[in-house]
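Colleague: I am new to this structure. Could we go through it together?

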Amino acid sequence: MDKGLTPYLLVIGPVLMFIAFMTGPDDVSGQEYIDYLKDTDANTMIIGTILVTVGAIMMFGGWFVLTQDMMVKSNKTQQDLLMLSRVALILPITLLLLATGMDLEAHWLVTEGEDDYFTVEEEEAIALNNHNVSSYFWGTMPISWALGLILIGVAALMGDKKDKHSEQWVFAGPLVTGLGLISAYWIEEAWLFFMVAILISLPIGVMMLMGKLDYLYSEEE
C-alpha cells in the first residue's frame with residue numbers, strides 16, 4: 001500500500017531538527033548574545049535558519065500528514081481529536097519559525113545594520129530586545145506542542161484495533177511525551193522531553209517503513 005511521504009517525513013524531519021538544535025548556539029543572553037552574533041558568520045546563520053525551517057516543516061508536517069492518513073479509518077470522535085491536534089501543533093511551529101527569523105534579523109542588525117537610522121548602541125539594543133521577545137515565545141510552546149501529541153496518542157489508541165495490532169502501542173509514545181512536556185513547568189530536568197518530543201515520531205516512521213502499521217491503510221480491520 002502506498003504510504004506516500006508520511007514515513008519519510010516522520011523519520012527525516014526529527015533528524016534534521018535534532019541536528020539543528022545540537023549545532024545551534026547555547027542559551028545566552030545580554031552581552032553574550034551580542035558577542036555571539038558578532039562572532040558568527042552570516043552564512044552560518046543563514047544555513048542554520050534554513051535547517052531549522054526545513055526541519056520544522058518536515059517534523060510538524062509529518063504529524064499533519066499522519067493524522068490525515070489516520071482519519072480514513074477513524075470514527076468521528078477520533079477524527080475530531082486528530083483535527084484538534086492539528087490546531088494545537090500550528091502554534092509551536094509558528095513560534096519556532098518566528099523566533100528563528102528574529103534571531104536572523106538580530107544578526108543582520110548587529111553585523112550590517114541601518115547606519116542611517118540607528119546608532120550601534122541602538123541596533124544592539126533592538127537585537128537584544130528581539131532576542132528577549134523570541135525567548136518569551138517559548139513560554140506557551142510546551143502546552144500546545146504537548147496537547148497536539150497527547151491528542152494524536154489518544155486518538156490512535158482508542159478502540160480495539162490495538163488488541164489485534166500490538167504495534168499500535170507505539171502511539172503511546174507521543175501520549176507519554178506530551179504529558180512529560182507539560183511537566184517542564186514544574187520539573188527542571190523536563191527539558192529532556194523537548195528532545196524526546198522532537199524525535200518521538202521517528203519510531204512511528206520506522207515502523208511504517210517496515211510495514212508494521214500497514215493496517216492503517218489496508219482494508220483489514
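Colleague: To begin with, does Trp145 count as buried or exposed?

Modeller: Trp145 counts as buried, because its relative accessibility is 3%; buried means under 20% relative accessible area, exposed over 50% and partly exposed in between, with a 1.4 Å probe and protein chains only. Please note that this is a predicted model, in which local features need pLDDT of at least 70, side-chain atom pairs count only at pLDDT 80 or more, and totals for chains, interfaces and linings use all residues. Residues are numbered from 1 along each chain as its sequence is written, and side-chain values use heavy atoms, with hydrogens and water left out.

Colleague: Which residues does Trp145 touch, not counting residues up to four places away in sequence?

Modeller: Trp145 touches Met59, Phe60, Leu89, Pro92, Leu181, Phe194, Ala197 and Ile198, where contact means heavy atoms within 4.5 Å.

Colleague: And where does Trp145 lie?

Modeller: Trp145 lies in helix H6. Helices are DSSP runs of H or I with at least four residues, numbered from the N terminus.

Colleague: At what angle do H3 and H6 pack?

Modeller: Helix H3 (residues 42–71) and helix H6 (residues 141–157) pack at about 25°, and their axes are 12 Å apart. The axes are lines fitted to C-alpha atoms over the stretch in contact, and angles run from 0 to 180 degrees between N-to-C directions. H3 and H6 are therefore roughly parallel to each other, a term for angles under 35 degrees.

Colleague: Which residues meet there?

Modeller: From H3 come Met59, Phe60, Trp63, Thr67 and Met70, and from H6 come Trp145, Leu149, Ile152 and Ala156. By class, this contact of H3 with H6 has eight nonpolar, one polar and no charged residues. Ala, Val, Leu, Ile, Met, Phe, Trp, Tyr, Cys and Pro count as nonpolar, Asp, Glu, Lys and Arg as charged, and the others, Gly among them, as polar.

Colleague: A change of topic: how do the axes of H1 and H9 cross?

Modeller: The axes of helix H1 (residues 6–23) and helix H9 (residues 192–199) cross at roughly 150° and come within 8 Å. Pro14, Met17, Phe18, Phe21 and Met22 of H1 make the contact with Met195, Ile198 and Leu199 of H9. By class, the contact of H1 with H9 has eight nonpolar, no polar and no charged residues.

Colleague: Lastly, is Gln78 buried or exposed?

Modeller: Gln78, found in helix H4 (residues 76–111), is buried, with a relative accessible area of 10%. A polar atom of the Gln78 side chain lies 2.8 Å from the backbone oxygen of Ala155.

Technical notes. Helix = DSSP H or I, 4+ residues; strand = E, 2+ residues; numbered from the N terminus. Parallel < 35°, antiparallel > 145°, perpendicular 65-115°, else oblique. Polar contact = N/O pair within 3.5 Å; in protein donor to acceptor, adjacent residues only side chain to side chain.
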